[in-house]
Amino acid sequence: MNRLQDKVAVITGAGSGIGRAAAELMSKQGARVVVADYDTEAARETAGLITAAGGTALPLTVNVLEEDSIAAMINSAVEEYGFLHIMCNHVGGTNPRLDLDLLRMDMAEFDRAVSLNMRSTLVGSRLAVPHMIKSGGGSIINTASVAALVGDVLQTSYGAVKAAVVSITKSVATQYGPQNIRCNAIAPGAVMTPALENNLPQEVIDSLKAGNALPYLGSPEDIAHTMVFLASDESRYLTGQLLVVDGGMTMQSSAAPGRRAMLPL
């Protein structure tokens, strides 16, 4: 229960879903957690859950589209706790109603996607690294997506910017490994977050489940446990990597679900 004892973690998008699960799990492992989210009340709610369970949390409002807001978040974390050891650049996404195929995608949404996903990851890492060097090292954990690995009929922007997150991860890992800073990314598959449930019809959710090798979709905790591993010293020899946590969605042949029915009972 103390894999992250005395560590200080900043998690963006910690007001709900995967970010909230990561904040709670890191706290249970001994970390002091900065719960950052655009939704002030959601951040306070997550922090309240942590403190009610005996942990330490600081709720902060952050708009990752604004560099000054990210800087204020980092500075507040260091002022409150003195150090910074773990930075989770978790905020991201696009509007699936605007992020369509190449010819119909909204270019304003593409520009927003670049800022929300790619630029925020780069800026968050850039501002965290100097404090991690002073702390003797650290772990940066970036949230990518399986969309970075495969083509799709929709969300062209999302796939592109998440692929950029993977590239940023490798560069940061290469550049600051000598300072004992690790940087890794996670590519979640379909995870039953509020965002997924609220934006996708049930038939699409069912098709995602059918496309997994495992007989279920992921939970926020499945990704959060991976984030805890990357934050801990258990992953001390792991850097510059993309961990795909997708229930086998991207590793199996697209024909596999249909061919499974050919097997004898």
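**View 1. M118 is found in helix 4.** The model shown in this and the other views is predicted. M118 is partly exposed, with a relative accessible area of 28%. Leaving aside its neighbours within four places in sequence, M118 is in contact with A113, V161, A164, V165 and I168. One of these, V161, is 43 residues from M118 in sequence, but the two C-alpha atoms are 5.7 Å apart in space.

**View 2. E109 also lies in helix 4.** The relative accessible area of E109 is 5%, so this residue is buried. Not counting residues up to four places away in sequence, E109 touches T94, N95, L98 and D99.

**View 3. A search of the whole structure finds one cavity of 30 Å³ or more.** This largest cavity holds about 50 Å³ of space. Its lining is made of T12, V64, I70, M73, M87, N89, H90, V91, S120, T121 and G124. Helix 3 (67–81), strand 4 (86–89) and helix 4 (107–134) are the elements that give two or more residues to this lining. Helix 4 provides the largest share, three residues. By class, the lining of the largest cavity has five nonpolar residues, six polar residues and no charged ones.

**View 4. The largest nonpolar core has 28 residues.** Within this core, the residues with the most contacts are I11, M26, V33, V35, I86, I141 and M227. Two or more core residues come from each of strand 1 (8–12), helix 1 (17–28), strand 2 (32–37), helix 2 (40–52), strand 4 and helix 8 (220–231). A second, separate core has 27 residues, including A36, I70, V172 and I181. In soluble globular proteins, nonpolar side chains tend to be buried together.

**View 5. I86 is one of the residues with the most contacts inside the largest nonpolar core.** Residues up to four places away in sequence are not counted here. I86 touches L4, K7, V8, A9, V10, M26, M132, S139, I141 and A231. Among these, M26 and I141 are also listed with I86 for the most contacts inside the core.

**View 6. The second largest pocket holds about 290 Å³ of space.** It is lined by 16 residues, of which G137, G138, N180, R182 and D233 are the closest to its centre. The elements that give two or more residues to the lining are strand 5 (138–143) and strand 6 (181–188). The lining of this pocket divides into three nonpolar, nine polar and four charged residues.

**View 7. Q155 and N180 are residues with a positive phi.** Most residues other than glycine have a negative phi. Q155 is not a glycine, yet its phi is positive, at about 55 degrees. Q155 sits in the loop between strand 5 and helix 5 (156–176). With a relative accessible area of 27%, Q155 is partly exposed. N180 is likewise not a glycine, and its phi is positive, at about 65 degrees. The place of N180 is in the loop between helix 5 and strand 6. N180 also belongs to the lining of the second largest pocket, among the residues closest to the pocket's centre.

**View 8. The structure holds zero disulfides.** C88 is in no disulfide, and the nearest cysteine sulfur, that of C183, is 11 Å away. C88 is buried, with a relative accessible area of 0%. C183 is also buried, at 0% relative accessibility.

**View 9. G48 is found in helix 2.** Is G48 buried or partly exposed? Its relative accessible area is 30%, so G48 counts as partly exposed. G48 and D222 are 174 residues apart along the chain, and their C-alpha atoms are separated by 22 Å.

Technical notes:
Residues are numbered from 1 along each chain as its sequence is written. This is a predicted model: local features need pLDDT of at least 70, side-chain atom pairs count only at pLDDT 80 or more; totals for chains, interfaces and linings use all residues. Side-chain values use heavy atoms; hydrogens and water are left out. On a 1 Å grid over the protein atoms alone, a cavity is a set of points where a 1.4 Å probe fits but cannot get out, and a pocket is an open set with protein on both sides within 12 Å along at least five of seven lines; lining residues have an atom within 4 Å of a point. Grid points are joined across faces, edges and corners, and a volume is the space filled by probe spheres set on the points. Helices (H or I, at least four residues) and strands (E, at least two) are DSSP runs, numbered from the N terminus. Ala, Val, Leu, Ile, Met, Phe, Trp, Tyr, Cys and Pro count as nonpolar, Asp, Glu, Lys and Arg as charged, and the others, Gly among them, as polar. A nonpolar core is a set of buried Ala, Val, Leu, Ile, Met, Phe, Trp, Tyr and Cys residues joined through side-chain atoms within 4.5 Å. Buried means under 20% relative accessible area, exposed over 50%, partly exposed in between (1.4 Å probe, protein chains only). Contact means heavy atoms within 4.5 Å. A disulfide is a pair of cysteine sulfur atoms within 2.5 Å.
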